[in-house]
Amino acid sequence: MTTHGETAATSTPDARALQEGIAEFYDQSSGLWEDIWGDHMHHGFYDPDSNVSGSDHPAAQIRMIEESLRFAGITDDPAKQPKTIVDVGCGIGGSSRYLARKFGAECQGITLSPVQAGRANVLAKDEGLADKVSFQVADALKQPFPDGQFDLVWCMESGEHMPDKAKFVNELARVAAPGGTIIIVTWCHRDLGPSEEDLEPWEKKLLNRICNAYYLPEWCSTSDYVKLLQSLSLQAADWSERVAPFWPAVIRSAFTWKGFISLLRSGLKAIKGALVMPLMIQGYQKGVIKFAIITCRKPE
């Protein structure tokens, strides 16, 4: 699940309703997430063979950032480090602040949630990063940036909220600088087989229940993203096994006393989201839901 609140341009009533639902969902639930899990509002990256303890989850979320950078070929070589970054679906800015500190980069984050943007700016100021990192409410499919501005376009679990995936990836490519890197880490449904035209009815029913709770449009597959980005130098991988411990841990945290009280304070949308968490586990276990990373580089 993305906890980052981005979606499409408000050109239709359905798109506007989706935007409003996403913004309200994250306005209500972001404080709950921060209270329980901290400022990194995304999956962790785990060793499938390890025994995962509760204390490992914050470190696993940092590993997700580092492994994503490694997969994309972004090294610690100062000459190759990004200096300008956009965080598309920034949540409360955890990735932005981490990347700004790591690379000494300037980072701009966008979200549909005014609560997230406000909290992200407060945290940046508190951590002494206000001169490097800033956040605003903006549409991921109509970004308020000129062409070719960013060395790194970072999309950590925001793509699943985009109803127009082609417009989404085109906008990412537009704001990327020549030679810049695009990193998309996102939920997908499984790739269809050669003889399949659609998912099975039970699979669509499961995904629709998740969509209704988390304000998601129709899902796509990793191969759909690959087709959309095929003009760029691209690589992709299935990291589903690497995130398997995440949702069970989220459920356990929700049913602690602290989690229960925070959930009740967060409102009906957050409670509705919590109730479908077991469906995410079911989707991963049955191979319907895939957790994918897709990276590409814009031509010079």
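Biologist: What order do the seven strands of the open sheet have?

Modeller: They go 3-2-1-4-5-7-6, with mixed pairing. Strands here are DSSP runs of E with at least two residues, helices are runs of H or I with at least four, and both are numbered from the N terminus. Mind you, this is a predicted model, where local features need pLDDT of at least 70 and side-chain atom pairs count only at pLDDT 80 or more, while totals for chains, interfaces and linings use all residues. Residues are numbered from 1 along each chain as its sequence is written, and side-chain values use heavy atoms, with hydrogens and water left out.

Biologist: What makes strand 3 and strand 6 edge strands?

Modeller: Strand 3 (133-137) and strand 6 (233-238) each have a single partner strand, so one side of each lacks a neighbour in the sheet. From one strand to the next, the twist averages 15 degrees.

Biologist: How do you know that strand 6 and strand 7 are paired?

Modeller: Two strands pair if DSSP finds at least two bridges between them. Strand 6 and strand 7 (residues 289-297) are joined by six, so they qualify, and they run antiparallel. Asp238 has Ala292 in strand 7 as its bridge partner, and Ala237 stands opposite Ile293.

Biologist: How many bridges pair strand 5 with strand 7, and in which sense?

Modeller: Nine, in the antiparallel sense. One of the partners in strand 7 is Arg297, which bridges to Thr181.

Biologist: Why is strand 7 called largely enclosed?

Modeller: Buried means under 20% relative accessible area, with exposed over 50% and partly exposed in between (1.4 Å probe, protein chains only). Seven of the nine residues of strand 7 are buried, so the rest of the structure largely encloses this strand.

Biologist: What makes Phe246 buried or exposed?

Modeller: Its relative accessible area is 2%, so Phe246 falls in the buried class. Phe246 is part of helix 8 (residues 246-254).

Biologist: Which residues are in contact with Phe246, leaving aside its neighbours within four places in sequence?

Modeller: Contact means heavy atoms within 4.5 Å. Trp33, Trp37, His42, His43, Gly44, Tyr46 and Gln61 make the list for Phe246. Tyr46 is 200 residues from Phe246 in sequence, yet their C-alpha atoms are 8.6 Å apart.

Biologist: How do you know that Asp164 caps helix 5?

Modeller: A polar contact is a pair of N or O atoms within 3.5 Å; within protein, one must be able to donate a hydrogen and the other to accept it, and residues adjacent in sequence count only if both atoms are side-chain atoms. A side-chain oxygen of Asp164 lies 3.3 Å from the backbone nitrogen of Ala166, and that caps the N-terminal end of helix 5.

Biologist: What do the buried residues of helix 5 pack against?

Modeller: Strand 1 (84-88), strand 4 (150-156), strand 5 (176-189) and helix 7 (222-228). Phe168, Val169 and Leu172 are among those buried residues of helix 5 (residues 165-175).

Biologist: What angle do helix 6 and helix 11 pack at?

Modeller: About 145 degrees, with the axes of helix 6 (residues 201-214) and helix 11 (residues 277-285) 10 Å apart. Axes are lines fitted to C-alpha atoms, for helices over the stretch in contact, and angles run from 0 to 180 degrees between N-to-C directions. Leu206, Arg209, Ile210 and Tyr214 of helix 6 meet Met277, Leu279, Met280, Gln282 and Gly283 of helix 11.
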